[in-house]
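Subject: Structure handover

Hi,

Here is the structure I promised to pass on. My notes follow below it.

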Amino acid sequence: MRYKSRVIVYVDGFNLYYGIKEKWNNRYLWLDLMRLSESLLKDSQELEAVKYFTSRVSQRPGNWGKWKRQNTYLEALEAVGDITFYYGHYVVKSVICRRCGADWYGAEEKKTDVTIAVELLCDAQDDRFDTAIVISGDSDLTPPIKAVIARHPQKRVIVSFPPGRHSNELSTVSTSAFTIRESRFRKSRLPLEISKHDGDILRCPKRWRN
């Protein structure tokens with residue numbers, strides 16, 4: 001009996017969000033990650049797990065709308081699919097413009113790439129997948145991908161680039177790499193209304209309904 005190849009999908013939430021945002025604004029932000037992951041598989045493969053790496057937006061003044069939209073989306077993902085969540089955090093830091101000298105405070109995401117690297121290496125060592133699909137264009141993931149392939153030559157690591165997030169480094173070290181087509185995003189949107197297990201209804205944020 002021939003068994004299907006096991007696949008784990010690792011989603012860099014920050015990288016995916018801004019890739020979609022810069023390419024299509026809000027059009028595909030209400031995204032079903034399980035369906036998108038399944039669309040990347042071949043008939044000879046089966047989905048073992050989807051791991052989603054992100055950081056929670058803080059509830060500080062001026063951030064309420066962003067926090068509410070993200071929280072609704074995370075609850076929607078939890079309601080529709082068996083996804084494992086991994087949370088980093090944001091660090092507020094001072095940013096200075098080199099041209100005009102103006103300064104302001106911005107948020108920088110921390111821990112996501114490190115957490116993806118740890119999960120990828122541990123899953124390879126524990127023989128949890130035959131193929132890993134990494135949805136990201138972050139070149140910081142080059143070392144762990146290179147290490148997995150070097151230590152486990154029978155395993156494959158495929159990089160699926162979000163729109164506008166290509167990395168030559170990732171393309172070079174991975175088994176293969178490609179940019180996710182818009183048609184896959186179009187077919188992977190969540191329903192506008194989703195029922196939670198407790199009966200509450202989650203609704204797609206208004207500004208994401210386009």
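Start with tyrosine 73. Leaving aside residues up to four places away in sequence, Tyr73 touches Leu29, Trp30, Leu31, Leu33, Tyr52, Leu190 and Trp208. Contact here means heavy atoms within 4.5 Å.

Before the rest, the ground rules. This is a predicted model, where local features need pLDDT of at least 70 and side-chain atom pairs count only at pLDDT 80 or more, while totals for chains, interfaces and linings use all residues. Numbering runs from 1 along each chain as its sequence is written, and side-chain values use heavy atoms, with hydrogens and water left out.

**Overall**

The protein has seven helices and nine strands. These are DSSP runs numbered from the N terminus: helices are H or I with at least four residues, strands are E with at least two. Of the 210 residues, 45% are buried. Buried means under 20% relative accessible area, exposed means over 50%, and partly exposed lies in between (1.4 Å probe, protein chains only). Among contacts between residues at least 6 apart in sequence, 69% join residues at least 24 apart.

**Cores**

A nonpolar core is a set of buried Ala, Val, Leu, Ile, Met, Phe, Trp, Tyr and Cys residues joined through side-chain atoms within 4.5 Å. The largest one has 33 residues. Leu33, Tyr73, Ile135 and Phe185 have the most contacts inside it. At least two core residues come from each of β1 (5–12), α1 (13–24), α2 (33–39), β2 (45–55), α3 (64–80) and β5 (131–135). The top contributor is α3, with five residues. Another core lies apart from this one; its 19 residues include Ile116, Ala124, Val148 and Leu170.

**Helix α3**

Its buried residues are Trp67, Arg69, Gln70, Asn71, Thr72, Tyr73, Leu74, Ala76, Leu77 and Ala79. The length checks out: at 1.5 Å a residue, the 17 residues of α3 should span 24 Å, and its end C-alpha atoms are 24 Å apart. The expected span is 1.5 Å times one less than the number of residues.

**Strand β5**

Five of the five residues in β5 are buried. Thr131, Ile133 and Ile135 point one way, Ala132 and Val134 the other. In a regular strand, side chains alternate between the two faces of the sheet. β5 pairs in the parallel sense with β1, over five bridges. Pairing requires at least two DSSP bridges between the strands. Ile8 has Ala132 of β5 as its bridge partner. β5 also pairs in the parallel sense with β6 (residues 156–161), over five bridges. There, Ile135 is partnered by Ser160 of β6. Together, β5, α5 (residues 142–151) and β6 make a right-handed β-α-β unit. Right-handed means that, with the strands pointing away from the viewer, the path from the first strand over the helix to the second runs clockwise.

**Helix α4**

Glu119 is found in α4 (residues 112–125). Glu119 counts as buried because its relative accessible area is 17%. Tyr10, Lys51, Phe53 and Tyr86 are its contacts, not counting residues up to four places away in sequence. The buried residues of α4 are Thr112, Ile116, Ala117, Glu119, Leu120, Asp123 and Ala124. Just after α4, Asp127 takes a positive phi of about 55 degrees.

**Cysteines**

How many disulfides are there, by the rule of cysteine sulfur atoms within 2.5 Å? The count is zero. Cys122 is partly exposed, at 39% relative accessibility. Cys204 is buried, at 2%.

Best regards

Note on methods. Disulfide = S-S within 2.5 Å.
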